[in-house]
Amino acid sequence: ILDGLCAQPADPLLALIGMFRDDPRPGKIDMGVGVYRDADGKTPVMAAVKAAEAILLKDQQTKSYLGPEGDARFAELLTPIIFGDVDAARLCGVQTPGGTGALRLGAELLARGRAGTRVLVGTPTWPNHVPLMEAAGLKLVPFKHFDVATQALCFDETLAAINAAERGDVILLHGCCHNPTGADYTVEQWNTLAPLIAERGLLPFVDLAYQGLGHGLDADAAGLRAVVAHNPEVLVAYSCDKNFGLYRERVGALFVVSDRAELIQSNLLALARANWSMPPDHGAAIVRTILDSPELTASWRAELDAMRLRILGVREAVAAHDPAIDLTRQSGMFSMLSLSTEQIRALREVHAVYMAGSGRINVAGLTPDAIPAFAAAVAAVR
Ligand code: PLP
Ligand code: TYF
């Protein structure tokens, strides 16, 4: 039965973790996988997370099953952070295993709603978007989001793709901190897109995986909120894995804004049951414990803001050191350098500078003392 299988390549982003770890050279620089790092190069557990875990250890009375929706209070507490003011009767949401689980659940909801649904997506995008959507039976329709050579966001191409789409198509949008380019729409551009998407009869699916790491929690949700204000139905795949530093705990949620919220919720529960039955509890319980406490929420917000400001600081420091590497026009952890495959390989093999094969760099991977070596390495291969 298994004779039909053929070997599959490893996830190239995750493969970078092992390559970097096995590199013995001192001074090696890791700008590969999208994980926040502090000025010492560490990815610490956030203080509010540690405090919430201590509370859970002391107070948790049972680990009995919840249900396919997971921790309902977790989803409820996230709602105002994501949506601001929203009509609760028009919103449903379930906890998922990470933003990835939310994307997959949303894709399956769309496929169940109508077989063969097409999904417009700006390229380049997070590589996992492709197998996630296709595995659910959706068909991707790419349009150009970013021109690497000129470092420009292709807004005209975005508008053209929306205008050329068919009614009933889906458009997948990065809410903020675009992965892999860091090129986000301005508020003005969101305000143009949001009503156009509605007018053209498309369904927006917003992937919000980095809220708070670009311009702040509210600013990073402004695009999504504009989309919600103009469109009758919106899907949101949310991840807490970056903004709470919970990566391996796999914390996320899928939200749907709709007049048919009850019908949709019943389908989300059925789909969750057919996939993972119930999501893992611990990470969502941490987020719930933090957001249920004003003190822990303040601590989390302050630490998240410090992370965001450090990333901004690195962007400015690199540009100050070498104006030829201007990272100040993008936001969040990522930028994409215009480099050939050969140059990216030379950076890794000759200079011990690790980045994704696309030329994407994780800006948070730069410690202050590594900036001159990074800039010199890029200049040397260019
Ligand atoms: N969407 C984007 C754009 C991402 O970069 C990631 C990163 O992991 C995810 C979704 C999924 O996040 P999670 O780790 O919570 O599954
Ligand atoms: O793009 C990144 O680096 C992050 C982390 O299969 C990631 O989103 C990368 C690959 C993957 C899961 C998460």
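Start by selecting helix α13, residues 371–381, and colour F374, A377 and V378, its buried residues (buried means 20 or more other C-beta atoms within 10 Å of a residue's own, exposed 12 or fewer, with C-beta atoms placed from the backbone). These three span an arc of only 95° around the axis, so they sit on the same side of α13; the arc is that of the directions from the helix axis to the C-beta atoms. This is a predicted model, in which local features need pLDDT of at least 70, side-chain atom pairs count only at pLDDT 80 or more, and totals for chains, interfaces and linings use all residues. Residues are numbered from 1 along each chain as its sequence is written.

Next, show β1 (29–31), α12 (341–349) and β12 (353–355), which are among the elements covering the buried residues of α13.

To see where they touch, pick A317, V318 and H321 in α11 with I371, P372 and A375 in α13 (contact means C-beta atoms, placed from the backbone, within 7 Å).

Last stop: α3 (residues 72–83) and α10 (residues 282–291), packed at about 50° with axes 9 Å apart. Select R73, F74 and L77 of α3, then A284, V287, R288 and L291 of α10, to view their contact.

Definitions and conventions:
Chains are lettered from A and ligands numbered from 1 in the order in which they are written. Helices (H or I, at least four residues) and strands (E, at least two) are DSSP runs, numbered from the N terminus. Two residues are in contact if their C-beta atoms, placed from the backbone, lie within 7 Å. Axes are lines fitted to C-alpha atoms, for helices over the stretch in contact, and angles run from 0 to 180 degrees between N-to-C directions.
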